[in-house]
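Colleague: Could you walk me through this one?
Modeller: Gladly, once we both have it on screen.

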Amino acid sequence: MLLRHTTTEIKDRTALTVNPAKTCQPIGAMYAALGIHGCMPHSHGSQGCYAYHRSALTRHYKEPVIAATSAFTEGASVFGGQANLMQAIDNIFSVYNPDVIAVHTTCLSETIGDDIPQIVNKAMAEGRVPAGKYVIHANTPSYAGSHITGFAGMTKAMVDYFAETASARTKTVNLIPGFVEPSDMAEIRRMAAEMGLETIMFPDTSGVLNGPMTGKYRMYPPGGVTVEALRRTGSSLGTVALGHLASGDAARALDVKCKVPCQILDLPIGLGATDRFVDTLHRMAGVNVPDSLTFERGQMVDIIADMHQYFYNKRVGLVGDPDQLLALTKFLVSLDMAPVYLVTGTSAGKKFEKHLRAAVAGVPHEVQIKVGGDMHLFHQWIKQAPVDLLIGNSYVKYIAHDEDIPYVRHGFPILDRVGHSYFPTVGYRGGMRLLEKILDALLDRKDRDATDITFELVM
Amino acid sequence: MTETARSQTAPIEGPDPEKVKAELLAKYPPKVARKRAKQIIVNRLEPGDKVPEINANVRTVPGLMSQRGCCYAGCKGVVLGPTRDIVNITHGPIGCGFYSWLTRRNQTDPDTTPDGHNFMTYCFSTDMQEKEIIFGGEKKLRQAIQEAYDNFKPKAIAVFATCPVGLIGDDIHSVCREMKAALGINVFGFSCEGYKGVSQSAGHHIANNQIFKHVVGLDDTIGAGEFRVNLLGEYNIGGDAFEIERIFEKCGITTVATFSGNSSIDAFANSHTADLNLIMCHRSINYVAEMMEKKFGVPWIKINFIGAEATAKSLRKIAAYFDDPALTERVEAVIAEELPAVQAARDDIRPRTAGKRAMLFVGGSRAHHYQELFRELGMRTLSAGYEFAHRDDYEGRKVLPGVKVDADSRNIEELDVCQDPDRYRPRKTPEELAALSAKGLEFKDYQGMMPEMPEGSMVIDDISQFETDLMIEKYRPDIFCAGIKEKYMIQKHGIPMKQLHSYDYGGPYAGFKGAVNFYREIDRMVNSRVWGYLKAPWQTNPELAATYAWE
């Protein structure tokens with residue numbers, strides 16, 4: 001047994017997290033910053049932070065992940081990190097020449113109280129930031145929020161630093177995709193383009209973290225939102241933000257700063273959420289939904305109808321980040337599946353929990369929910385009453401292995417399979433892929449467990 | 001100059017290393033260039049194994065993109081990570097515990113200890129929140145230790161401090177003492193805040209100190225076995241320690257404790273009863289060996305089980321130390337039995353690898369050890385360097401008296417260890433030691449990497465992303481070895497990259513079977529078809545027009 005000390009009996013824990021279902025804010029900020037074209041993410045803290053974040057993102061994407069660090073020593077921790085950040089800014093611009101340095105803080109620099117804007121202003125006053133180059137920042141202490149709120153913080157920083165108010169509105173729609181895969185970002189853009197819309201997506205890691213092998217390494221790949229496009233977000237017609245927790249702050253900030261109205265929706269995972277996404281674009285921009293998208297939608301409905309018997313009433317355990325968890329839960333319920341154990345590590349608030357409870361209100365099983373929970377508790381629930389399917393990141397495979405439960409990888413991080421960065425799970429096509437993955441897991445198990453007599457050719 | 005170095009002093013092909021060095025430095029601001037100039041060295045070999053001085057174990061330059069991690073990573077991640085039966089609680093925000101959760105591939109076999117405890121698949125954290133940063137985290141830590149005990153009933157709990165813990169002044173050691181008394185099990189802490197020192201290396205030192213202080217020597221039982229050794233600085237990545245243990249068993253050598261691959265805290269407690277300490281990774285573990293010798297009289301020698309020849313040589317060193325004819329005979333028999341399969345694999349593969357060129361930038365010992373395996377494949381190391389090593393790992397321990405201790409290193413505690421009045425037991429008389437030295441068995445010595453590298457090869461300490469990129473461009477090596485952060489950047493250049501931290505999820509590469517695994521792996525990598533697919537047909541012959549028709 002891999003998790004041999006996990007007991008069925010649940011003892012209350014208030015201080016000890018075991019097998020977390022979240023990680024810290026800075027990695028989310030780093031990921032978001034990689035979605036700006038020509039950007040060097042910078043971790044203002046000890047070098048361990050950036051090493052860990054780069055390693056985790058690299059393992060998840062199997063792609064180069066660039067970032068720099070202030071490399072605090074004990075001295076910097078006592079006297080403040082200003083000198084380190086100044087030196088880093090000098091070195092980064094002279095050696096790596098990015099368009100933007102996106103600084104995020106850490107528990108270390110936040111605890112000692114380093115004031116990033118003050119340091120950056122000093123750097124600018126001293127001429128350390130070349131003309132036409134930018135240093136932006138987000139406060140992301142690791143002792144608050146999670147990787148998701150860190151992502152939200154850096155996304156909001158893009159608005160705070162770059163969005164410009166304009167006298168005239170364009171017909172462009174801003175898309176804030178949330179903490180999703182590069183493949184998902186590309187799919188969201190494709191769907192909007194299919195509707196004939198001009199869009200600006202930020203951040204946008206497609207083409208950055210799923211790049212090709214060409215024999216030439218490009219430190220700043222062609223993908224990512226440009227600074228010029230970020231400026232124009234302030235004159236867009238409106239903003240569609242996907243995922244309340246990851247994208248809401250930036251959308252609201254843009255509304256406040258530049259009066260760009262926003263719609264904050266669930267991540268477009270599953271039929272209903274995708275319908276709402278498409279319908280929102282249709283209303284906001286006043287464009288027709290092309291037959292091509294309606295066709296894709298119909299294909300998705302077709303799979304659900306054809307295979308409904310295999311979904312029906314299956315008990316599912318889900319661990320994921322809040323926006324994903326909510327959208328996936330609604331999707332599973334819409335398939336007549338029964339999501340019974342729901343855990344997110346991020347403390348996403350009472351409102352989030354209320355939405356999640358509402359989503360499972362009609363599920364004919366007792367449903368356990370823990371917002372701000374961990375995978376150890378999740379595993380104990382499963383030991384008490386099993387499920388038919390698990391959905392979560394790669395760490396869930398230890399539970400799946402021990403309990404012998406079919407398992408679909410979804411979320412962050414996925415360290416042991418490829419595909420997530422190339423094939424989306426959002427939109428109708430992404431929905432079809434998710435359906436395929438769920439069916440593969442369930443039907444492979446059915447095949448495995450069938451006797452010689454009950455083994456089926458056609459399913 | 002050692003024999004291996006002498007045998008390959010052919011000039012390095014490609015651009016002149018001094019010119020490349022100048023080009024590497026030209027991009028840097030003057031102050032940075034001055035500093036890096038002392039860390040980028042073109043190797044020279046002078047009589048008496050003298051090599052040029054290299055600056056190492058110095059601060060990372062902010063903004064340059066180094067490979068390094070932090071003190072916590074070296075302590076919790078590297079040294080204590082592979083010990084399966086301690087509940088390791090990270091006291092701090094969630095990230096540090098999360099990132100060090102199962103990411104280092106330390107294999108372990110819990111069925112080799114009677115209680116079968118294994119907590120390595122778990123991540124324990126106090127998930128510190130803003131409230132604790134403001135009001136202190138000791139209360140939460142105390143409660144977390146209690147909950148760990150209530151839920152898991154371990155025989156030991158260790159606490160690891162992260163950056164904010166040191167800043168807000170939580171006294172983890174007093175909490176540990178208190179909980180040790182309350183629970184009646186061993187509870188101890190590590191002040192391994194990430195900002196300490198200049199790299200993981202500080203964390204190794206802190207881990208060594210605390211394990212020595214709180215665990216080594218707790219169990220004086222002298223176990224079975226005639227030739228009892230500890231294997232130090234072997235972390236069982238991909239099963240390396242298993243392969244070494246297999247060979248030891250065949251030879252009749254008993255491993256009392258491995259620090260810390262496939263290890264149990266019980267073995268650490270008993271490790272001072274061994275008669276010889278064998279050091280694999282000198283950088284991360286030499287402190288325990290030094291302290292064990294001072295306090296208990298266990299001598300140490302440097303060995304290396306990376307490379308079949310090196311493995312045979314190391315086994316012979318052990319046999320020479322014990323100076324027992326039966327052991328010597330068995331060791332020779334095992335070498336004779338194991339080498340033919342290795343030789344056969346080498347004969348098969350070498351024609352496809354000979355003459356190819358490698359670069360290695362990793363860790364504190366592997367950039368040295370793995371040159372052995374490349375040599376066995378007929379490959380040459382153009383350039384190498386460590387991520388977090390010190391001058392002695394480059395130039396040999398003979399430079400130790402002259403190594404400057406800067407403020408960052410001075411902050412790491414040096415334990416004051418003295419002879420144990422009851423348990424100090426010299427394993428050999430001074431005369432015996434002198435006789436063994438005269439026969440070539442060097443005690444307390446490590447020659448370092450540079451004396452074994454050819455003239456003109458470039459040695460780069462704490463290489464940056466920019467330097468990596470330029471070295472690849474200038475020399476186009478056939479294979480590059482580093483870690484996960486470097487992996488895909490290098491492969492985008494169209495050059496195969498072998499991870500020497502995680503072994504790319506392969507291994508073992510130690511010992512005889514490991515050598516064969518490594519030969520096969522390098523053969524696969526440097527001869528893979530994939531590197532021929534980088535250009536599409538229309539990119540290599542753009543003028544081609546509609547001539548694909550059947551003739």
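Modeller: One term before we start: a salt bridge is a side-chain nitrogen of Lys or Arg within 4 Å of a carboxyl oxygen of Asp or Glu. This is a predicted model, where local features need pLDDT of at least 70 and side-chain atom pairs count only at pLDDT 80 or more, while totals for chains, interfaces and linings use all residues. Residues are numbered from 1 along each chain as its sequence is written, chains are lettered from A in the order in which they are written, and side-chain values use heavy atoms, leaving out hydrogens and water.

Colleague: Which residues meet Glu296(A) in a salt bridge?
Modeller: The side chain of Glu296(A) meets that of Arg190(A), at 3.1 Å from N to O.

Colleague: And how is chain A split into domains?
Modeller: The assignment, which is automatic or from a database, gives domain 1 (25-144), domain 2 (173-291) and domain 3 (292-449) of chain A.

Colleague: How many salt bridges are there across the interface of domain 2 and domain 3 of chain A?
Modeller: The rule finds three across that interface, along with 21 residue pairs in polar contact, both residues at pLDDT 80 or more. A polar contact is a pair of N or O atoms within 3.5 Å; within protein, one must be able to donate a hydrogen and the other to accept it, and residues adjacent in sequence count only if both atoms are side-chain atoms.

Colleague: What area is buried between domain 2 and domain 3 of chain A?
Modeller: About 2,700 Å² is buried between them, with carbon and sulfur atoms giving 59%; buried area is the accessible area (1.4 Å probe) that two parts lose on being put together, summed over both. On the side of domain 2 of chain A, Leu245(A), Ile269(A) and Leu271(A) lose the most area to domain 3 of chain A, together 24% of what that side buries.

Colleague: Changing topic, what is the strand order in the open sheet of chain A?
Modeller: The order is β12-β11-β10-β13-β14 in chain A, with parallel pairing, where strands are DSSP runs (E, at least two residues) numbered from the N terminus and two strands pair if DSSP finds at least two bridges between them. The edge strands of chain A are β12 (368-371) and β14 (407-409), each pairing on one side only.

Colleague: How many bridges join β13 and β14 of chain A?
Modeller: Strand β13(A), residues 389-392, pairs with β14(A) in the parallel sense over three bridges, and Gly392(A) stands opposite Arg409(A) in β14(A).

Conventions. Helix = DSSP H or I, 4+ residues; strand = E, 2+ residues; numbered from the N terminus.
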